[in-house]
Structure formats: C-alpha cells, structure tokens
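Dear colleague,

Please find the structure below. My notes on it follow directly after.

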4 protein chains.
Amino acid sequence: MAQYAAKTPQDLPTQAQLLSMSGLDFMRGMLSGALSGPPIAAELGYTLDTVEEGRVVFRGTPEFRFSNPMGSLHGGWYGTLLDSCMACAVMTLVPQGSYYTTLEYKVNITRVIPIGMEILATGVSLHAGRSTGVATGEIRGAEDGKLYATGSTTCMIMAAR
Amino acid sequence: MAQYAAKTPQDLPTQAQLLSMSGLDFMRGMLSGALSGPPIAAELGYTLDTVEEGRVVFRGTPEFRFSNPMGSLHGGWYGTLLDSCMACAVMTLVPQGSYYTTLEYKVNITRVIPIGMEILATGVSLHAGRSTGVATGEIRGAEDGKLYATGSTTCMIMAAR
Amino acid sequence: MAQYAAKTPQDLPTQAQLLSMSGLDFMRGMLSGALSGPPIAAELGYTLDTVEEGRVVFRGTPEFRFSNPMGSLHGGWYGTLLDSCMACAVMTLVPQGSYYTTLEYKVNITRVIPIGMEILATGVSLHAGRSTGVATGEIRGAEDGKLYATGSTTCMIMAAR
Amino acid sequence: MAQYAAKTPQDLPTQAQLLSMSGLDFMRGMLSGALSGPPIAAELGYTLDTVEEGRVVFRGTPEFRFSNPMGSLHGGWYGTLLDSCMACAVMTLVPQGSYYTTLEYKVNITRVIPIGMEILATGVSLHAGRSTGVATGEIRGAEDGKLYATGSTTCMIMAAR
C-alpha cells in the first residue's frame, strides 16, 4: 500500500480506531498506507519517511508557492515540518487508549532552505510521561546533510475516559 | 487594486524595489495590491487585513485540508499565521535600505481552532533596533474574540551593502 | 506583615495549606507576609509587588554578582524574573484543590539591563483551563518604562487526588 | 590554578583581553582559572566542567535556597544553567575579535530536579555563522543520567569595530 492523505473527514481513522491501537501502531499504519496520513502534508509537499519508537522522519521539498513576500521559503514551512516530526515522535510513545495534543513548539532557523532542495525533518522524543511529552527536531538537507533548522515541542498526553 | 499573491518569482518585487522603500511602505504596497503578497498566504487561506507602524493583522479561515492525522487543525497553520503577522510587524519598522530574516519563533496553542472558523492573527513589534527586531503575536476568533494561540519571534535586521 | 522568604522547608506552607486555598489567595498571602515567599527571590534580589487575578508583578534590581563572564547581567536573571511573574500569574487562576508546575518558558532579551537599575517584571495569564495555563511576561525599567525582555510560558494544572 | 568567580568588575577580563583571544581560548582560560568565571555561577552553585569546540558542560547542585514558593526547584535555576552552557558553547566558536550576546532562550522541564542532586548541563552549538549562533542544551542527572530539562538558544555574534 502507498501512503495517502485524507481528502474528507470520512477518510480519517475514527476516534475508536485511534484509541484501539498504540501511537506507534498508528504511525506504522500511516507509513504503510493502512491508515490515511495528515491532509496538510499533501498540501505542503512532504511525506512520512521513517517510524521508530521515539523517532519519526518526514521528507519534503519546498516549492515556490510556499515562499514569503521576498520569494524565500516562509518560516511557516519549517515550523510545519518540525511540528509534524516532533509531535509524531511523541505519538510513537503514547500508549493505547490515550491521545495527545501540541501545547507549544519553537523553531530556530539556521540556514535558508533553497526552493526545490529536498530535506529530512527528524523528530526525537526525549521524554514521554503520563501527562506530557517533549521532543526535539531538526531539518537537514537530504543530500548536503547540513543543518537548516532545529525545534522543540511540548505535547499533552491524555487518557480517553 | 486588490491583494494578490505572486505565482512565479517574476511576480515578486525585485531586491532593488524592496530596498528602495521602507518596510512600512512595502507592507502598505502589499495591502493595496501595488505589490504582490506572499505566495504561501494564498496556499494556506489567509490575507492581509491591516498594516500600521509596528502592527500587522492577517485574516484567515482554516480548511480541512490543513488538518493533522486526527482531523483537527495542524499546529503548522497556527505557526504560519503567527510567523506571518509577527515578521510583518517587524517589517513595518525596518528602514529603507535594510531587510530582515526570521531567526526563531515560538507558538503556544491555547485552544483548538475549529475547521471553518475565521480568525485574526495580530502581530505587534515591541522593539526593533539596528540589528534585531522582536515581536509578539496572537490569534483570536474573528467573531468570538477568544484567544486561540500566542507567539513570539526574533528577527535579524541587516543593512544592504 | 512584611514579605519574607522561607529559610528552611519548615517555613514553607504545607501541601494541605496550599490545597486549602485558591491560587489567588495563596499569592495574596505571600504578598501580605502571611505566607512565606520563594527562597530564590531573596537570593536573586527581587520581591513581589502586585497580585491581581491573572496579573502579577515582581520588582527587582540586578547586582554585579548576577553577571556573566563579561560583566553584564546574565540571561538567567531575566529568565528567573520572567518565570516567576508568569507562573505566579497562572497561579492566580488555579482553583482551590489544584496545583501547577512549569512545563516550559521562553525569554527574549531586547535590551541589556544595566547593573543597579530597578525593573518591574509583569506576568499576565491569557488562558488557564482545566489542565494547562499560558502566560506572557515583560520586563520594563521601573523609571524609564522601556522594554528589556519578553517571555512566554506553559504550565500544567493538576487537581490533587 | 582553580576556577574562581569575579567579585568586582576589576576582577573581570578587560574588553581588550576578551577581543584578543578566540572564544575557545577565553573559555579554556576560565576553565584553568587563568581568567575569572561568571559571578552568577558562584551565587547559584555551579562550576565549569568541560570545554571543547562547540561543547561546554557545567556541573551544579541545586540548594533549598533556589526553590519556588512550594519548595521545589525554581524554573529560573534550570534556565540559568541552560543559558550558561548553551551560550558558552556558542562562545567556543566565536573568532578572535568578535563577541556575542544572547537574543533568546527556551527551557523545557521534563522532570523536577530534587534539591541536593548533582546535575550536568551540556550545551552543544549546532551552528555559528558570521552574525548568529544557535545551540541546544540538556540537563541530566550526574549519577542517574536521566533527562531533566532541554533548551535552545539564539545568540548574536558581532565583530568589534
């Protein structure tokens, strides 16, 4: 199966489905194409690349249509990719019956990503407890391996009632 | 004239144009439609609403296609709107002959924005010196006035040589 | 009564005392001197100035002994003052029977505070729900009114069991 | 020679001294005791442990006098240690004739550090260019190796004129 993005709310996994599996299985289902992926990824030109316990990688290439008024890549693209990989890294540590939500994230841009250059956005969750999860992330060039941005996030983990 | 987004690099203001006017005039040109706006705004469903010295407002409505794997609005949309309004607020304070770039931004999500609900993202620059500018931002519902997210940013301001 | 800082754990309010009153009453008790204040405030040269629902001000003056290796005020002093006023602003919204803990905070330094200059650090809580609270903060000169630093924080609010 | 903290501005290296050596040599001078260390470190109970190119470690033990009104370690202590190790990691990459200042830092607290427990705060600079430097940091227990906090920072690097 190939990865695909939900086009309507009906394409999404139901909440019952979501709560019936661990976060790691949910992420693996998305990678295999058994479950639909995030609609925003299709809009912003990135796909899921790797899923491991505590570590998730997305792969993407920015296009001109994501640029700012000066024609260079908008900061929102960096943030979207980092939020995705960091939140999904936390997700891989969320137990069955729980779900999570992003409380905050921060983005540091160290180099401007050229339009058309492929990058890897890697999130690593350093800690996930009963009620919160924390992750860090980085964006590196897929070919040059250089660091383009770093990020950090705090997620809240909640047990369904 | 109406606002519009650049579709190709040729639609963008040239660097010479950019450096020939103050940041405030640049932002006003975008608002009036004399200059093209950020391509990413057209992609992510938001437009420029207000430009004042030190304060910029964008208006937008999230759609389902910007949601995360659980079907709620992706954190990247909050960050994109906040980065836009905060960086543009700094831009209104940048003198002629200088330009700026975002070094970092942070997003705190306080409430989930429902898909389809119109919001206002307001950036206020509290300080812009010779080499750096700082701004804060918030997203409020256009109708309910409630606070959905807050942000902060640091930009670097550079004189062209 | 005058404000004072706990010198030993025995000077602190007990957990039962803490949970028997609202966060606002707890903060007012500290302001009046009925309850001991934070030990770190005495160490780092600041005191509680104002307590309102959702807003707390600390007043302080940095000394040479809080400087960095170059002799200017260390970034940790800005962060300590901002964390204090922002977390206490959240505290004023925490209901009786609950307590809170800081998950993260961020500090933007806009100007260097001169050693010996009195400042006011003001925290405002923009949102406090059942499980999380968010606040922003700023440090301004007590006399010049200029902005020296801004901050933001996320706290977790928990009901005692 | 042993490390020591400046007690008065006269104990500090002069600006001429500071600019005559690379940031790495400056940090090594502090480690060896040839140059005085940050006054705040002596106040808040931590010392320099390791200096490498792009990596600096501080070692410290929180005391009761650094606690918050509830008697647990104040968030400002985490931030001070992280700001120190991250800014110093950037410092090791600053060339002779330049200096730097912290623009912003962020702290995520993942576990509460018990009063009296020794920790290591490690800063790593992932990028330092002509005008800005970025670093990340973490605090781990010296014995248990567990992660207690993470941080990130942006510094501005300036050439002396």
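Helices (H or I, at least four residues) and strands (E, at least two) are taken as DSSP runs and numbered from the N terminus. This is a predicted model, in which local features need pLDDT of at least 70 and side-chain atom pairs count only at pLDDT 80 or more, while totals for chains, interfaces and linings use all residues. Residues are numbered from 1 along each chain as its sequence is written, chains are lettered from A and ligands numbered from 1 in the order in which they are written, and side-chain values use heavy atoms, with hydrogens and water left out.

One residue deserves attention. D:D83 lies in helix α4 (residues 75-91) of chain D. D:D83 is buried, that is, under 20% relative accessible area with a 1.4 Å probe and protein chains only. Apart from neighbours within four places in sequence, D:D83 contacts C:H74, C:G75, C:G76, D:T102 and D:Y105, contact being heavy atoms within 4.5 Å.

As to symmetry, a rotation of 180° with 0.0 Å of shift along its axis superposes chain A on chain B, with an RMSD of 0.0 Å (least squares on the C-alpha atoms of residues with pLDDT of at least 70 in both). This is the relation of a two-fold axis. Within chain A, A:K106 has the C-alpha nearest the axis, at 2.1 Å.

Yours sincerely

Definitions and conventions: Buried means under 20% relative accessible area, exposed over 50%, partly exposed in between (1.4 Å probe, protein chains only). Lys and Arg count as positive and Asp and Glu as negative; His and the chain ends are not counted. A salt bridge is a side-chain nitrogen of Lys or Arg within 4 Å of a carboxyl oxygen of Asp or Glu.
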